[in-house]
Amino acid sequence: MTARIAQGVRAVPADHWDACAGTGNPFLRHAFLAALEESGSVGGRSGWQSLPIIVDDDAGIPAAIAPAYAKAHSQGEYVFDHAWADAWQQAGGDYYPKLQIAVPFTPVPGPRLLLRDAAHAPALIAAIEAVVVQSGLSSAHATFLPDAQLPAFEAAGWLMRSGTQFHWANRGYADFDAFLGDLASRKRKAIRKERAAALDGLTVRHLTGREIRAEHWDAFWQFYQDTGSRKWGRPYLTRSFFPMLSDALGDDVLLILAERDGRPIAGALNLIGDDALYGRYWGSVEEVPFLHFELCYYQAIDAAIARGLQRVEAGAQGEHKLARGYVPVTTWSAHYLPDPGFRAAVAEFLTREREAVAHEQEYLGELAPFRRG
């Protein structure tokens, strides 16, 4: 087998990529990652340079791929390593560029070793490490890993880091009221009041595929810009990305719009996977109490139940999701730092951090809104 670096996802044939990535997680499909490149959301001056690392089989066909990016900063990752960067640079090193194995701007767990044959996992990890060492990079980071891929990184000696997200689990609910029936009475009443207040005078529409027209993306772009400017200074994604996404993924794109008198005033963008609904972006041009909770959490639950999906993943962080039926789950990342002194310092920090995350999750679990027993 040989390993190589491709000049972007678009340099890899779509059928070769998807044969390794599968199609169950929309963020790992060739169409999604290629749209990020084609739209200029990554590449150029974005600080994300797409450099997929590929292990070929004897026939020269990709057997394993890592969606790798050379990063000039730590933005858009949702696993924060700014303190590591400061420490390394104060010691006289250059932390950037580093190597990120991830889906840009997307804190969604999923495979980071895209494998046509699981036996190639060690070779792909070795190739990632070789790129770091041969290029003189400070580190490599595989973020938002699935549980199934943790042993491969642990076996290679990577450092493991835990975090917390809040996901909603479908327990075979027939409808939203059935979900509410699992909650404590006080929480159930609170959610009903929130939904009534949020929807007063508004109409909510769920649009997929060809139902999403140019004017809908025009409205959503305004929403996205407003949220982006308040959260991280400037939007990560370009205007052209959204219609490209719609064209590429079709009915797996779900746009939820709130309208007042036929005019969209807020929206939430979701992607639909084989077993999950993934909430990604939201925004509003009107201040409406509880509308964020309605579009991003409650409408997402409605959509997941209607489609028979097993869970809703509503993005990073957010303890406010707990009262809405989203419970804490552990997320994982793996980190390769070839310098032994730097590695030892980070390993000590991660030991303490994992203990703190575990204690916090235990506490948060006791606050879940579900009826006891």
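Student: Let's start with a cysteine: does C296 count as buried or exposed?

Tutor: The general idea is a cut-off on relative accessible area: buried means under 20%, exposed over 50%, and partly exposed in between, with a 1.4 Å probe and protein chains only. C296 has 13% relative accessibility, so it counts as buried. C20, at 6%, is buried too. A word on the ground rules: this is a predicted model, where local features need pLDDT of at least 70 and side-chain atom pairs count only at pLDDT 80 or more, while totals for chains, interfaces and linings use all residues. Residues are numbered from 1 along each chain as its sequence is written, and side-chain values use heavy atoms, leaving out hydrogens and water.

Student: How many disulfides are there?

Tutor: In general, a disulfide is a covalent bond between the sulfur atoms of two cysteines. The test here is a pair of cysteine sulfur atoms within 2.5 Å, and by that rule the count is 0.

Student: OK, zooming out. How many helices and strands does the chain have?

Tutor: Helices (H or I, at least four residues) and strands (E, at least two) are DSSP runs, numbered from the N terminus. The chain has 11 helices and 15 strands. Its radius of gyration is 21 Å, close to the 21 Å that the globule rule gives for 373 residues, so the chain is as compact as a globular protein of that length. That radius is taken over C-alpha atoms, and the rule is 2.2 Å times the number of residues to the power 0.38. The C-alpha trace spans about 60 × 45 × 40 Å along its principal axes, and buried residues make up 54% of the 373.

Student: Which residues touch the most other members of the largest nonpolar core?

Tutor: Nonpolar side chains tend to be buried together in soluble globular proteins. A core here is a set of buried Ala, Val, Leu, Ile, Met, Phe, Trp, Tyr and Cys residues joined through side-chain atoms within 4.5 Å. The largest has 43 residues, and F32, F220, F242 and L269 touch the most other members. At least two core residues come from each of α1 (14-21), α2 (30-38), α8 (214-231), α9 (241-249), β11 (253-260), β12 (263-272) and β13 (276-284). Helix α8 gives the most, with 6 residues. Apart from this core lies another, of 39 residues, including Y173, I191, W282 and A368.

Student: What does L269 touch, leaving out residues up to four places away in sequence?

Tutor: Contact means heavy atoms within 4.5 Å. On that count L269 touches W217, F220, F242, L245, V253, L254, L255, Y278, G279, R280 and Y281.

Student: How do I read the aromatic pairs?

Tutor: A pair of aromatic rings is described by the distance of the centres and the angle of the planes. Rings of Phe, Tyr and Trp (its six-membered ring) pair if their centres lie within 6.5 Å; planes under 30 degrees apart are stacked, over 60 edge-to-face, and the rest tilted. There are 30 such pairs in the structure. Take F32 and F241: their ring centres are 5.8 Å apart and their planes at 90°, so the pair is edge-to-face. F32 in helix α2 and F241 in helix α9 are 209 residues apart, so to speak a link between distant parts of the chain. Both F32 and F241 are buried. W168 and F179 are edge-to-face as well, at 5.8 Å centre to centre and 85° between the planes.

Student: And a charge over a ring?

Tutor: That needs NZ of Lys or CZ of Arg within 6 Å of the ring centre and within 35 degrees of the ring normal. K71 lies over the face of W48, 3.9 Å from the ring centre, and the charged end of R195 sits over the ring of F176, 4.3 Å from its centre.

Student: Which two residues does a cis peptide bond join?

Tutor: Most residues other than glycine have a negative phi, and most peptide bonds are trans. Here the cis bond joins Y96 and P97, with omega about 0°; P97 is in the loop between α3 (82-90) and β6 (98-101). For phi, look at Y78, which has a positive value of about 70° without being a glycine. Y78 is in the loop between β5 (68-71) and α3, and is partly exposed at 23% relative accessibility. F144, in strand β8 (residues 140-145), also has a positive phi, near 60°, but F144 is buried at 5%.
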